[in-house]
Amino acid sequence: MNNVTKLLNLTFLLTAVSTVVGTAVADETDVELIVSKANHIAFYQANDGRAESRMLITDGGGNKQVRQFTVLRKDRGEQVDGDQDFLVLFSRPADVRNTMFRVIKHIDSDDDRWMYLPGLDLVKRISSGDKRTSFFGSHFFYEDISGRRLDADRHELLETTDQHYVVKNTPLDPDSVEFIHYTVWIDKSNWMPTKTEYTDAAGKIYRRIEALQIKDIDGYATATRMQASDLRSGGSTLTEMRYIQYNVNLPDDIFSERSLRNPPRQWFKRS
Amino acid sequence: MTFSPNAPCVIRPDSGSKGASQPVSLRLISLSVPTLLYPVLHYSILFAPLLFAPLLFSPLLLLPAKSLAEDTQQNIEQSGAQTDSWSESASDEWSDAGWDDEEQGHTIHGFFEVAYGARIQSNRWVDRDDTLNEARLRIDYSNYFGPLYASYKGDFLVDDLTWDGPFIDTQTREALLRFSVGKNSDIHLGRQILTWGTGDLLFLNDLFPKDWVSFFSGREMEYLKASSDAIKFSHFNKLANVDLVWSPKFDSDIYIDGERFSYFSPLADSIVAAPPKLSANNPDSQLDDGELALRIHKIINGYEWALYGYHGYFKSPVGFDPERGVNYFPKLSSFGASVRGTVKSGIGNMEVAWYQSRDDSNGTDPFIPNSQLRFLTGYEQELISRLTLGLQYYLEWTQDYDELKDNSLLPGKEPEEYRHLLTTRINYRSLQDKLTLSLFVFYSPTDDDFFAMPKVIYRLSDSWSSEMGMNIMGGKNDYTLFGQFEENSNLFARVRYSF
């Protein structure tokens, strides 16, 4: 009897293992599924989150600047991987301290962006027409931070290596962007996009974004160190994230004009 | 006699309106500080804060030193990091430096700034050629005390143009307590900067005090807004948000008073300057002589809608009492509305305001501005990456215009019934935002005058920044808003160390 049970258990265990291993190993071939999973991992993990971020901006001449800020993010939840709310509170450098940046990311239309300048008590509305413009002087673009619409590009699975899916993305509206296409390396083990290279009209790679460090945070694979490089000027920006928390249950109403003048301290401070 | 009857236009630097007059004879008594002494006085004063500030704020001495040390440390680490191509250890060291700054929340920040500006042409009415000549230390401290947030911003400065010694002047820019009442209301209590409305350097419903002297002399744009001593009550709910601001004592604009800049005086029918400074009788300081400002606002589908109300006074002394021979701030009420939101791939805005001149409701008093309807519409778009273009059209429609002309002492110098103003802003950011080039131009086809502000802002590092610019004013006539300031056109430069 015992032997039978043992045998059954062993069989069950083997089946389970082979199922798991089988799922992990089998290569995905549907490119749309690959990019949507990568998009989810990069921008939509958990329902909300909090992180402190720091950027070291180095220009081609070696001059450095630092930006430090805390980000609160919440998914609106109206659709899967859809609209999101962001609050970004700057703490460094000194001349932008307490500047608050608020974004509503829309999937189907332009984002809404506001910036609060405490010195003037001014709420400035910022046009979001050009998403491929520098995020606060860094080599990251707004689109790198908040994500690019999946249906803005045609996706093509170039290659499946031991570690990566390599996807080529060609813009449907080439006039709206500065690249001809870009290639993304997506880690097969966790769907994390680990490298992106942008190619210009001359066929040269001129821009690269890399995830330099990925950590498991509350069970979510998270890029905690990223670098954007401008290969033409030699400048680059290194971003680090710390004090990351997921599923902190941010209330909806903190993503409002009130928070521009009165930052919700309970959520911005480290817990 | 009522030049610019309804007060200085939007940008209202007193605009030498009718009340702004000086007996011509008085200004002939000119200041005669020996010109040779200027350089000495000048530079010793510039450095005075360096000597005094540390004495007054010796604990603060540590701060710049600390930041410098941090910077240096960072530089070392960064150069190391570069050679290591961001090896793990190098990055970690960089990352650890200063992560805690933010969390402490109660550190003292601020800046030290030296500024100089001078006229680009000589001015017949003002002796001194410099229009900006000062050194300034800003101290900025804020902290949470339980549910209470306290913030202080103070400037310690020596302004060579106004300084009469022997001590450093202090200006409290903000001394504020903020706390919540219930779940949905905030109170801001104390000295604070207040702003609302949708215009870019054009203010219709924003009747909070402005500092036109700072604006025209090239101080940092922050100084365009002067402080209010007020209570601001804000209530937030789904129906609409409400802001109610009560300033128990009237806070006027810091207007052009002839001390640094000359202006047109309708009473003298000429450009004038100090001495004497243009002075004005303030409203009484009884509780019911203050100002009330209201805003009801809501965002609907990404469009920001707002209604405004104001009950107080014209912010510059545009009234004149011929019996007592003094300038004063006539009573003003205003109502308005605005909307702002995404239009195409830019931001569009529209704002309207009705200015009710309560002391001259039929428009016949030549010494008080008439009522006006003001209208603004604007559009801003990022044309190409980092290059932003903004355009605005602004209208002042003066009411009871026939009565104004009939009673005016200078009917030929009144602005037209419909005064049009166009503005354009071009902004270009480059070099990782270290370099900003901007040009803002006001042009009025009806006044035939203009005001151009080219500017270059360069951030040398996160601590050091500099700004150079010009304020170029001119026009066909010397009595229009910008035309009167032609000989005040100036060039300025500032260097700032932030900590």
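## Contact between chains A and B

The contact draws 42 residues from chain A and 39 residues from chain B, where two residues are in contact if their C-beta atoms, placed from the backbone, lie within 7 Å. On the side of chain B that touches chain A, the elements giving two or more residues are α3 (88-96), α4 (99-104), β15 (331-343), β16 (346-357) and β17 (372-384) of chain B. Helices (H or I, at least four residues) and strands (E, at least two) are DSSP runs numbered from the N terminus. The largest share of this side, four residues, is supplied by α4(B).

By class, the side of chain B that touches chain A holds 15 polar, 13 charged and eleven nonpolar residues. Here Ala, Val, Leu, Ile, Met, Phe, Trp, Tyr, Cys and Pro count as nonpolar, Asp, Glu, Lys and Arg as charged, and the others, Gly among them, as polar.

## Basis of the model

The model is predicted: local features need pLDDT of at least 70 and side-chain atom pairs count only at pLDDT 80 or more, whereas totals for chains, interfaces and linings use all residues. Residues are numbered from 1 along each chain as its sequence is written, while chains are lettered from A and ligands numbered from 1 in the order in which they are written.

## Strand pairing in chain B

Strands β11 (residues 291-300) and β12 (residues 303-313) of chain B run antiparallel and are joined by nine bridges; two strands pair if DSSP finds at least two bridges between them. A293(B) has Y310(B) in β12(B) as its bridge partner. The two strands form a hairpin with two residues between them, and N301(B) in the turn has a positive phi of about 50°.

β12(B) is also joined to β15(B), by ten bridges in an antiparallel arrangement. In this pairing, L332(B) in β15(B) is the bridge partner of G312(B).

F492(B) lies in strand β23 (residues 490-498) of chain B. F492(B) is buried, with 21 other C-beta atoms within 10 Å; a residue is buried if 20 or more other C-beta atoms lie within 10 Å of its own, exposed if 12 or fewer, and partly exposed in between, with C-beta atoms placed from the backbone.

Leaving aside neighbours within four places in sequence, F492(B) is in contact with A115(B), Y116(B), G117(B), L132(B), S217(B), G218(B) and G469(B). The C-alpha atoms of F492(B) and R119(B) are separated by 8.8 Å, although the residues are 373 apart along the chain.

## Chain A

Chain A has five helices and 13 strands, and 33% of its 271 residues count as buried.
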